[in-house]
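Please look at the model shown below before reading the report on it.

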Amino acid sequence: MKAAGVFVAIALALALQTTLGNALVAGTAAVDLVLVAVVYVALTSGPGAGMLAGSLAGLIQDSLSSGVIGIGGLAKCIVGFLAGGIGQQFIVTAALPRLVMFIGATVAHAAVFMGLYVLLGLRTFPSPWSAVLGQAVGNSVVGMVAFGIIESLPGAIERRRATRRPRR
Amino acid sequence: MSILDIRQRTGYLFLAVTLAHVILISTQVTTQRGVPLLEELVFGAFAEVQRVATAVFGGIRNGYSEYVALQDVRADNERLRTELAQLRIRLQQEQEAASQTRTLRGLLDLRQRVALDTVAASVIGGGASPDFRTITIDIGTRAGLANDMAVVAPEGVVGRVIGASALAAKVQLLIDRNAAAGVVDERSRAQGIIVGMGTGELQLTYVSGTADVKTGDTVVTSGIDGLYPKGFVVGQVESVQRSAGEYSLVRVRPSVDFSSLENVLVVTTLPAKGDRPE
């Protein structure tokens, strides 16, 4: 994926998250579209791109939120790096490995994010399990659908071209 | 040129980026002074992206509804909604005035308390992270906004300004886990502190065990926190749990539907310095 594509993916995820955020956030079933985009970039472009995309996206998210700038950036940086590294070492093109990747990425992100806040004594998370579980399910569904749509687009165009009849 | 070219230096780069994040976090956690420059720059820049995104979505929506479906009716409806919102805000102030009169407060004191300067704002973006409950509004320091100014809606209290650029501001919603406000039970005048739970609900804390709090009671701001003006509705008591003569858990349902906020009022009258909390 080209650098421009990474920026577009992150910007699109941030725009959708901030525009549709109210619809996405419903109690504990929250979806982090930016994290989904970071994992996508990491799996398609490797650990370097995943790390940089995670850092950039996390920092922007932090600056738009009321938390400490850098915690979200660091969490997404680590997740992008790990997801990219795993994506290079293992074959994650099938549905099940990707599902596991999204769930693992969400859990890892939550662990770093919540862990740092608790470690620094800035916030408490009384019952994080349900929130993390809800977000893991939400992110996985959105991520799988996004992967499916993006990967089906070139094939669909080719099929359409192939089935088009020549004009007389 | 592919971004994959940096792969050979990825390990070192990862360490450098991680270190940079740690330093960034450390500077904020230790100093705690004012708004960081990075936050203001990034927030200011991305607020413009949010403004454009909102303008694009709004343009498409308005184009359909105004020119295809309703044309001028839509504009009239928007104007009437704005007027209705302002009138409902005034109605709340009048209701509070009546309540204070019943409690034999002086008329002069009453007039000072309800004389609030407000400025209208539109919501141009929601929270960027599901872990924090914030919104972005389309006015900033150029319109006279500053940190800790209260933000209200016709239904009640929305939150407070926690960061502002020239043309936009970040508002921490009352349901955010780090938000709090001084409140009073409108019926029994029992005082407490309302805190956000991060899940869309509020919790009433620091309520005296002898206080009278019942399900269905309306909770309004008390004004003692020095942030929110007195008498604005916060929500209704949803459930009350007691143990050993004390209130163990009092849940409050917010009066504001934070998922459908479009227009808000920012109270530009900052409380006196002596009244503000440390």
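This is a predicted model: local features need pLDDT of at least 70, side-chain atom pairs count only at pLDDT 80 or more; totals for chains, interfaces and linings use all residues.

Residues are numbered from 1 along each chain as its sequence is written, chains are lettered from A and ligands numbered from 1 in the order in which they are written, and side-chain values use heavy atoms, with hydrogens and water left out.

The secondary structure of chain B comes to four helices and twelve strands, where helices (H or I, at least four residues) and strands (E, at least two) are DSSP runs numbered from the N terminus. Of the 278 residues in chain B, 43% are buried, that is, under 20% relative accessible area with a 1.4 Å probe and protein chains only. Among the contacts in chain B with a separation of 6 or more, 57% are between residues 24 or more positions apart; contact means heavy atoms within 4.5 Å.

Strand β3 of chain B covers residues 150-153, with Ala150(B) and Val152(B) pointing one way, Val151(B) and Ala153(B) the other, and all of them buried. In a regular strand the side chains alternate between the two faces of the sheet.

| Partner of β3(B) | Bridges and direction |
|---|---|
| β4(B), residues 156-164 | four, antiparallel |
| β12(B), residues 263-267 | two, antiparallel |

Val151(B) stands opposite Gly159(B) in β4(B), and its bridge partner in β12(B) is Val266(B).

Thr18(B) lies in helix α1 of chain B, residues 10-31, and is buried, with a relative accessible area of 18%. Leaving aside residues up to four places away in sequence, Thr18(B) touches Leu74(A) and Cys77(A).

The largest pocket is lined by 43 residues, of which Arg61(B), Val123(B), Leu261(B), Glu262(B) and Asn263(B) lie nearest its centre; a pocket here is an open set of points on a 1 Å grid where a 1.4 Å probe fits, with protein on both sides within 12 Å along at least five of seven lines, and lining residues have an atom within 4 Å of a point. Nine of the lining residues, the largest share, come from α3(B). Domain 1 (31-113) and domain 2 (118-272) of chain B both contribute to the lining, so the largest pocket lies between them, the domain bounds coming from an automatic or database domain assignment.

Key:
Buried means under 20% relative accessible area, exposed over 50%, partly exposed in between (1.4 Å probe, protein chains only). Two strands pair if DSSP finds at least two bridges between them.
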